[in-house]
Amino acid sequence: MKKPLYFLLFVLVIAASGCESIPDNADVRIVTDYGNIYIDLYDDTPKHKDNFLLLAQEGFYDGTAFHRVMNKFMIQGGDPNSREGASGTPGNGGPGYVLPREILPHHYHKRGAVAAARQPDQANPQWQSSGSQFFIVQGDTFPESQLDEMAMQIPQLINAHARYVFESDPKHNWVRSIDFEALQAQYPDSAAALIQKINNSVQEVRDQFPTYQMTDEMRQKYLKDGGAPFLDGMYTVFGEVVKGMEVVDAIADAEVQGETPVRDIRFEVEVL
């Protein structure tokens with residue numbers, strides 16, 4: 001018995017409603033119980049892009065969880081220690097290697113940005129990225145006064161870090177042994193020349209680190225849509241969410257104990 005035409009049309013509509021459209025610029029899909037998140041990985045951060053795709057293709061991320069969730073900030077995942085039955089502490093794991101930083105001034109921590117997690121500055125002076133852990137920025141909006149503060153403070157923080165890297169290098173231990181006050185009092189010309197030499201060396205280290213400037217585009221994004229501007233210039237942003245921010249919002253709103261979700265939020269990553 002032939003089905004009436006309206007019945008066939010109804011079936012087609014139902015089938016189509018179950019098909020999710022995939023954005024043309026999406027490289028990967030993160031599949032969660034909350035829904036799917038589609039991500040575009042940037043071509044100009046090739047080490048991070050290639051690494052993420054390789055791990056996804058190998059199934060490295062499958063069964064891991066968003067182990068760190070901070071509402072109005074970000075959701076973080078990609079640690080093999082977050083798999084069920086893993087013995088390590090989530091947040092400390094990885095694939096056994098790190099990645100060199102690829103911090104570019106035009107990639108910033110806007111809402112939906114995908115960035116590499118990393119160890120803190122003193123343990124990680126070169127700001128190398130975790131080999132697998134990443135976070136997706138949910139973020140919050142900031143008033144202009146706070147953005148003004150950050151625009152001034154971030155370059156100062158990067159400068160101070162470059163100075164720390166210079167001074168903590170064992171080959172520069174001699175700098176800490178100099179009594180600059182006594183040298184200035186007895187040999188002011190020599191002191192001035194030495195200080196200039198040290199400053200030049202510090203600048204050479206500073207030149208190896210990212211440049212930073214809050215542009216009008218960044219400012220407007222942070223005012224309107226929000227993000228995490230206080231991280232700019234210091235973490236590698238290597239992609240962005242092109243569909244599924246409502247899923248990120250739902251995960252960020254999950255019940256947590258501290259920063260750890262009460263219920264595991266596991267995911268898989270599919271290469272598109």
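User: Which residues of helix 2 are buried?

Analyst: In this predicted model, the buried residues of helix 2 are His 48, Lys 49, Asn 51, Phe 52, Leu 53, Leu 55 and Ala 56.

User: How do you know that the span of helix 2 agrees with its 13 residues?

Analyst: Helix 2 covers residues 46-58. The expected span is 1.5 Å times one less than the number of residues. For helix 2 that should give 18 Å, and its end C-alpha atoms are 18 Å apart, so the two agree.

User: What follows helix 2?

Analyst: Gly 59 does, and its phi is positive, near 80°.

User: What makes the phi of Lys 72 worth a remark?

Analyst: Its phi is positive, about 70°, yet Lys 72 is not a glycine. Most residues other than glycine have a negative phi. Lys 72 sits in the loop between strand 3 (64-70) and strand 4 (74-77).

User: What is the phi of Trp 127, and where is its place in the chain?

Analyst: Phi is near 55° for Trp 127, a positive value in a residue other than glycine. Trp 127 belongs to the loop between strand 6 and strand 7 (129-130).

User: Why is Trp 127 called buried?

Analyst: Buried means under 20% relative accessible area. Trp 127 has 1% relative accessibility, so it counts as buried.

User: Which residues does Arg 101 contact, leaving aside its neighbours within four places in sequence?

Analyst: Trp 127 is one of them. Arg 101 itself lies in the loop between strand 5 (98-99) and strand 6 (113-116).

User: How do you know that Arg 101 has no salt bridge?

Analyst: A salt bridge needs a side-chain nitrogen of Lys or Arg within 4 Å of a carboxyl oxygen of Asp or Glu. For the buried Arg 101, the nearest side chain of opposite charge is Asp 121, and it is 10 Å away.

User: Which backbone oxygens does the side chain of Arg 101 reach instead?

Analyst: There are the backbone oxygen of Gln 208, at 2.4 Å, and that of Gln 126, at 2.7 Å from a polar atom of the Arg 101 side chain. The cut-off for a polar contact is 3.5 Å.

User: Which residue does Asp 121 meet in a salt bridge?

Analyst: Arg 118, at 3.0 Å from N to O. Asp 121 has a relative accessible area of 29%, so it is partly exposed. Arg 118 has 13%, so it is buried.

User: How many salt bridges are counted?

Analyst: The count comes to twelve.

User: What makes Asp 33 and Arg 263 a salt bridge?

Analyst: Their closest N and O atoms are 4.0 Å apart. The rule asks for within 4 Å. The pair links distant parts of the chain, 230 residues apart. Asp 33 is in the loop between strand 1 (28-32) and strand 2 (35-41), and Arg 263 is in the loop between strand 11 (260-261) and strand 12 (266-271).

User: What makes Lys 110 and Glu 240 a salt bridge?

Analyst: The closest N and O atoms of this pair are 3.3 Å apart. Lys 110 is in the loop between strand 5 and strand 6 and Glu 240 is in strand 9 (residues 237-243), so the pair ties together parts 130 residues apart in sequence. With a relative accessible area of 16%, Lys 110 is buried. Glu 240 counts as partly exposed, at 21% relative accessibility.

User: Which residues of helix 7 are buried, and how do you know that they line one face?

Analyst: In helix 7 (residues 216-224) they are Met 218, Arg 219 and Tyr 222. Seen down the helix axis, they fall within an arc of 100°, so they line one face. Asp 216, Glu 217 and Lys 224 are exposed on the face turned away from the buried side. Helix 3 (144-168) is among what covers the buried residues of helix 7. Arg 219 is also linked with Glu 144 and Asp 148 in a network of salt bridges.

User: Why is Leu 194 called buried?

Analyst: Leu 194 has 18% relative accessibility, so it counts as buried against the cut-off of 20%. Leu 194 lies in helix 6 (residues 188-206). Not counting residues up to four places away in sequence, Leu 194 touches Trp 174, Ile 178, Phe 180 and Leu 183.

Note on methods:
Residues numbered from 1 in each chain as written. Heavy atoms only, no water. Helix = DSSP H or I, 4+ residues; strand = E, 2+ residues; numbered from the N terminus. Buried < 20%, exposed > 50% of the residue type's maximum accessible area, 1.4 Å probe, protein only. Lys, Arg positive; Asp, Glu negative; His and termini not counted. Polar contact = N/O pair within 3.5 Å; in protein donor to acceptor, adjacent residues only side chain to side chain. Contact = heavy atoms within 4.5 Å. Arc of directions from axis to C-beta.
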